[in-house]
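I opened this model today to look up a few points. My notes follow.

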Amino acid sequence: MGTSYIYNRDASRLFIAVRENGKRYKLFIPKESKPAINGAEMDIDFVEQGDFDYTFEWKGKKFHCELVSRDQNKAIVKVNGVEYKYSIESIFSYIRRGMINSDANKIDDNNIAAPMPGKIVDIFLSEGDLVNAGDPILTLEAMKMQNEISANCNGVIRKIKVQPGQSVMKDELLVEIQSIEV
Amino acid sequence: MKKRLLIANRSEIAIRIIRAAHKLGMVAVVFQSDREPEALYLSYADEVIPARDAHNDKAIFLDAERIVQLALENNIDLIHPGYGFLSENPDFAQLCTDKGLNFIGPSAQLIRDMGLKTVAKSMAIEAGLPLVPGSDGPVRDAQVAKEFADRIGYPVILKASAGGGGRGMRIVEKPETIERNFKSASDEALAAFGNGDMFIEKYLQNPKHLEFQIMGDKHGNVVHLGERECSLQRKHQKIVEEAPSASVNPQKRAEMGEMAVRFAKAIGYYSAGTIEFIMDEDGSYYFMEMNTRIQVEHPVTEQVTGVDLVDWQIRVALGEHLTLKQEDIKITGWAMEIRVNTEDPQNRFSPQTGLIDQISFPSGDNIRIETGVQSGAVVTPYFDSMVAKIIVTGTDRADCIANTLDALNNFVLNGLKTTVPFCRVVLQHPAFVDATYTTRWVDQVFTPDMLENEDDEMIGALAATIMYAQEYLQLSSDIPWYKSDRLNVWVLNKRLNY
């Protein structure tokens with residue numbers, strides 16, 4: 001998927017909401033722009049906020065949401081008078097649970113190694129950032145050429161093993177990405 | 001001296017009647033029941049009589065003796081019974097009359113007659129109204145039943161004379177099965193009620209419920225104010241009503257209306273009344289019963305005719321002549337009424353009781369609100385679940401549907417679930433839009449998943465996630481498109497819990 005929904009965004013703001021019927025929503029609640037759902041930024045506005053309810057306006061329609069009950073990460077929300085149940089998790093707890101629950105096919109880290117010896121010129125992201133497959137992470141200079149090293153999967157940057165200015169050998173580990181497929 | 005009108009009712013209809021009383025310059029008096037001592041209607045009345053009914057088996061509104069006693073103590077002139085409760089109780093009407101109180105409604109005798117189905121039907125036959133074809137009395141045996149069914153056509157319904165609750169009842173589709181069904185239904189009735197007598201009637205598979213509003217005075221004048229269609233029902237109770245009906249053209253309206261007037265005149269009816277018909281798919285219609293009270297759905301008729309029915313009820317009770325002429329009554333535009341019941345349409349319309357945290361109604365030129373509650377009201381289990389009515393008009397039916405949907409989109413009730421989402425589904429359903437819906441729509445078509453839609457589901461996920469995220473990230477202050485200084489929900493939640 002070529003969407004850029006998680007590019008250079010703070011992973012702590014990515015959540016997964018799963019409805020009782022199994023339907024999943026990836027939600028990004030950013031600091032300075034509108035939220036994104038399943039990769040698409042939403043042109044949505046808050047109209048009103050009460051103690052336990054929100055009213056949104058979207059596509060020219062009002063959506064009145066009232067929190068009916070909440071137990072841990074499970075919430076029942078009444079939207080325009082009809083109840084929907086969700087369980088919500090941060091991306092981290094989602095991954096953690098994913099690893100605990102499925103030992104057999106546990107999610108592997110996707111390591112990115114240096115394709116050639118060279119010097120790290122620039123690093124665009126930091127640990128905890130979200131990336132899409134193909135997003136540039138850092139620039140490696142080799143033989144007077146600048147090479148962009150990109151993410152090999154959708155996920156979270158788990159570890160950055162190098163620093164700008166550092167020289168690396170071929171196959172040296174540069175970045176660990178925790179892949180996320182939701 | 002100003003006349004004193006006592007309302008033996010509560011909630012929205014009490015407020016509606018108070019408005020009518022004030023229009024006529026009367027003093028409006030209501031009861032305060034201990035079962036809802038802070039009800040909204042109390043604040044509209046000029047005087048409130050404390051009913052002190054906390055320790056009585058029945059709420060004041062059902063206690064005929066006590067109503068009359070308190071009315072006499074409080075120098076009441078007229079009593080308006082509203083709908084439900086004692087409104088169609090002939091003994092109550094008689095008691096009022098005996099004690100010199102002016103009961104707003106028809107005579108006690110007529111209330112009694114119309115309350116007895118067999119009496120009402122025989123009076124209807126006399127007045128030349130069509131009845132659903134059926135046996136006048138019990139049919140002797142299966143063979144007679146079969147001959148009868150062959151004559152009136154299938155399907156037919158077999159009903160035990162003593163029946164009830166569906167026992168001893170069979171719908172028969174074809175001649176081959178009538179004898180077997182007759183025997184089993186009759187045996188069932190005999191076992192259940194000790195009486196195996198069976199009636200037979202034509203069965204209407206997809207009927208519409210139509211009713212004609214009439215108004216008569218004590219001097220023999222009667223007019224009709226057109227029909228209402230109330231086919232949309234759940235648990236045999238109306239939930240969406242409209243006036244006029246798309247199934248009644250001007251010619252049929254004149255014909256059925258004339259019939260309703262003829263019936264009312266024949267029985268000497270005065271006050272507001274409703275004559276109910278059941279209409280088959282082919283347009284044939286049959287008399288069902290007459291309601292001798294003002295009805296919940298009377299506003300739709302008022303909206304399309306411009307006639308104030310409650311006002312006329314009171315004036316007729318005072319002996320005034322009806323100045324309405326049939327030729328002056330015109331139906332203009334379309335009106336629909338949405339009943340706001342605190343019920344859960346996702347769960348078999350089970351009643352919801354408790355606190356209404358917030359309620360806010362749509363407003364506009366084409367919107368009329370009749371409510372018995374406001375924010376902070378408590379819905380108790382003592383009374384019915386209807387808390388308000390939203391009545392919307394339009395230039396024609398399609399315009400009215402669009403306006404009603406718009407109005408419902410601006411209705412908010414926090415704290416309890418209501419029938420409003422269900423009504424939104426109804427208004428958008430093809431069978432409602434093309435007006436082919438019948439009384440069986442809820443049973444045959446409606447499923448709770450029709451209440452859900454993808455947009456709502458997605459926005460719900462967003463709301464749930466923002467609520468969760470605020471706690472998780474303590475984000476409340478740094479979502480810029482979320483402009484509010486109010487306490488965020490999760491902080492409040494924490495305070496409540498810890």
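**Helix pair in chain B**

I began with the crossing of helix 11 of chain B and helix 12 of chain B, and it is left-handed. I note that this is a predicted model.

I looked up the geometry next. Helix 11 of chain B covers residues 397-409, and helix 12 of chain B covers residues 420-428. Their axes lie 10 Å apart, and the packing angle is about 155°. An angle over 145 degrees counts as roughly antiparallel, so I put helix 11 of chain B down as roughly antiparallel to helix 12 of chain B.

Then I listed the residues that meet. Helix 11 of chain B brings Ile401(B), Thr404(B), Leu405(B) and Leu408(B). Helix 12 of chain B brings Val420(B), Cys423(B), Arg424(B) and Leu427(B). By class, I have six nonpolar, one polar and one charged residues in this contact.

**Chain B as a whole**

I counted secondary structure for chain B: 16 helices and 22 strands. A compact globule of 498 residues would have a radius of gyration near 23 Å, and chain B has 25 Å, so the two agree. The C-alpha atoms fill a box of roughly 80 × 65 × 50 Å along the principal axes. Of the 498 residues in chain B, 46% are buried. I also looked at contacts in chain B between residues at least 6 apart in sequence; 63% of these join residues at least 24 apart.

**Where chain A touches chain B**

How many residues does the contact take from chain A and from chain B? I find 44 residues from chain A and 40 residues from chain B. On the chain A side, the elements giving two or more residues include strand 2 (14-19), strand 3 (24-28) and strand 10 (82-90) of chain A. Strand 8 of chain A gives the largest share of that side, eight residues. By class, the chain A side has 22 nonpolar, eight polar and 14 charged residues.

**Asp122(A)**

My last stop was Asp122(A), in strand 12 (residues 118-123) of chain A. Is Asp122(A) buried, exposed or partly exposed? I count 14 other C-beta atoms within 10 Å, so Asp122(A) is partly exposed. Leaving out residues up to four places away in sequence, Asp122(A) touches Leu138(A), Thr139(A) and Pro164(A). I also checked Glu141(A), 19 residues from Asp122(A) along the chain; their C-alpha atoms are separated by 9.3 Å.

Key. Residues numbered from 1 in each chain as written. Chains lettered and ligands numbered in written order. Predicted model: local features only at pLDDT ≥ 70, side-chain atom pairs only at ≥ 80, totals over all residues. Contact = placed C-beta atoms within 7 Å. Helix = DSSP H or I, 4+ residues; strand = E, 2+ residues; numbered from the N terminus. Nonpolar A, V, L, I, M, F, W, Y, C, P; charged D, E, K, R; others polar. Axes fitted to C-alpha atoms, helices over the stretch in contact; angles between N-to-C directions. Parallel < 35°, antiparallel > 145°, perpendicular 65-115°, else oblique. Left-handed = near helix turned anticlockwise from the far one by under 90°. Rg over C-alpha atoms; globule rule 2.2 N^0.38 Å. Buried ≥ 20, exposed ≤ 12 C-beta atoms within 10 Å, placed from the backbone.
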